[in-house]
Amino acid sequence: MKKLLTTILLLAGLSFGWSAFAQDASEAGEPYKVYCEIVSSSRGIFSDKTSVDLDFGQYASWWSADRKLVDENGKTIIFNSVLDAVNYMARRGWAFEQMYIVQSFNKGDSDSPAYHWIMSKMVTSDAQIMEGLSTQGSSK
């Protein structure tokens, strides 16, 4: 019984010791892939422009200022189309991964579809995720 207990404690100690030496890719400076989701919807029936929200996986409500891109003057960027937003992100190192559409229905009527574009970027630290990008919340 003592041998079994000693063996278990020894194995547990070794596994905890090895985990102390383990590092994730961001701590080691190795490149890793991060993702961003562009969610677009129509700005209204009288506008041909597109409104986009960005999701980097951070906590922010859908009404948060941290989801809207702004220019160097702090003004919200309005895109001509979703592809205009995708190209904007591509110029900042993001690559297209996938697109899907979410169509919601309200009492039998369909709302305007929301288009979700998944983008990715290789980084060596989380600080590089927002390089070249500003949101309303980050520009204050």
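# Questions on a predicted model

Mentor: Start at Ile101, which sits in strand E3 (residues 95-102). The model is predicted: local features need pLDDT of at least 70, side-chain atom pairs count only at pLDDT 80 or more, and totals for chains, interfaces and linings use all residues. Residues are numbered from 1 along each chain as its sequence is written, and side-chain values use heavy atoms, with hydrogens and water left out.

Trainee: What makes a stretch a strand or a helix?

Mentor: Both are DSSP runs, numbered from the N terminus: helices (H or I) need at least four residues, strands (E) at least two. The chain has three helices and six strands. Along the sequence they follow the pattern α-α-β-β-α-β-β-β-β.

Trainee: Why is Ile101 called partly exposed?

Mentor: Buried means under 20% relative accessible area and exposed means over 50%, with partly exposed in between (1.4 Å probe, protein chains only). Ile101 has 47%, so it is partly exposed.

Trainee: What makes Phe96, Met99 and Ile101 a patch?

Mentor: Patch residues have over 30% relative accessible area and no salt bridge; nonpolar side chains (Val, Leu, Ile, Met, Phe, Trp, Tyr) are joined within 5 Å, like charges within 9 Å. Phe96, Met99 and Ile101 form a nonpolar patch on the surface, with about 280 Å² of accessible area together. Accessible areas come from the Shrake-Rupley method with a 1.4 Å probe, and for residues only the protein chains shown count as cover.

Trainee: How do you know that Glu97 and Lys33 form a salt bridge?

Mentor: A salt bridge needs a side-chain nitrogen of Lys or Arg within 4 Å of a carboxyl oxygen of Asp or Glu. Glu97 and Lys33 meet at 3.3 Å, N to O, so the pair qualifies. Glu97 lies in strand E3 and Lys33 in strand E1, so the bridge ties together parts that are 64 residues apart in sequence. Glu97 is partly exposed at 36% relative accessibility, and Lys33 is partly exposed at 39%.

Trainee: How many salt bridges does the whole structure have?

Mentor: Two. Asp53 and Lys68 also form one, with the closest N and O atoms 2.8 Å apart. Asp53 lies in strand E2 and Lys68 in the loop between E2 and H3, so this pair ties together parts 15 residues apart in sequence. Asp53 is buried at 14%, whereas Lys68 is partly exposed at 22%.

Trainee: What makes the link between Ser120 and Glu97 a polar contact?

Mentor: The term covers a pair of N or O atoms within 3.5 Å; within protein, one must be able to donate a hydrogen and the other to accept it, and residues adjacent in sequence count only if both atoms are side-chain atoms. The side chains of Ser120 and Glu97 are joined at 2.6 Å, so they pass. Ser120 lies in strand E6 (residues 114-123). Its relative accessibility is 4%, under 20%, so Ser120 is buried.

Trainee: Which residues does Ser120 touch?

Mentor: Contact means heavy atoms within 4.5 Å. Not counting residues up to four places away in sequence, Ser120 touches Lys33, Val34, Tyr35, Gly93, Trp94, Ala95 and Glu97.

Trainee: How many aromatic pairs are there?

Mentor: Three. Among them, Phe56 and Trp94 form a tilted pair, 5.8 Å centre to centre with 55 degrees between the planes.

Trainee: Why is that pair called tilted?

Mentor: Rings of Phe, Tyr and Trp (its six-membered ring) pair if their centres lie within 6.5 Å; planes under 30 degrees apart count as stacked, over 60 as edge-to-face and the rest as tilted. The 55 degrees between Phe56 and Trp94 fall in the rest, so the pair is tilted. Phe56 is buried at 16%, and Trp94 is buried at 3%.

Trainee: Is Val86 buried or exposed?

Mentor: Val86, in helix H3, is buried, because its 7% is under 20%. Leaving aside neighbours within four places in sequence, Val86 contacts Ile38, Trp117 and Met119.

Trainee: And why is Pro31 called exposed?

Mentor: Its relative accessible area is 55%, over 50%, so Pro31 is exposed. Pro31 lies in the loop between helix H2 (25-28) and strand E1 (32-42). Leaving aside neighbours within four places in sequence, Pro31 is in contact with Met122, Val123 and Thr124.
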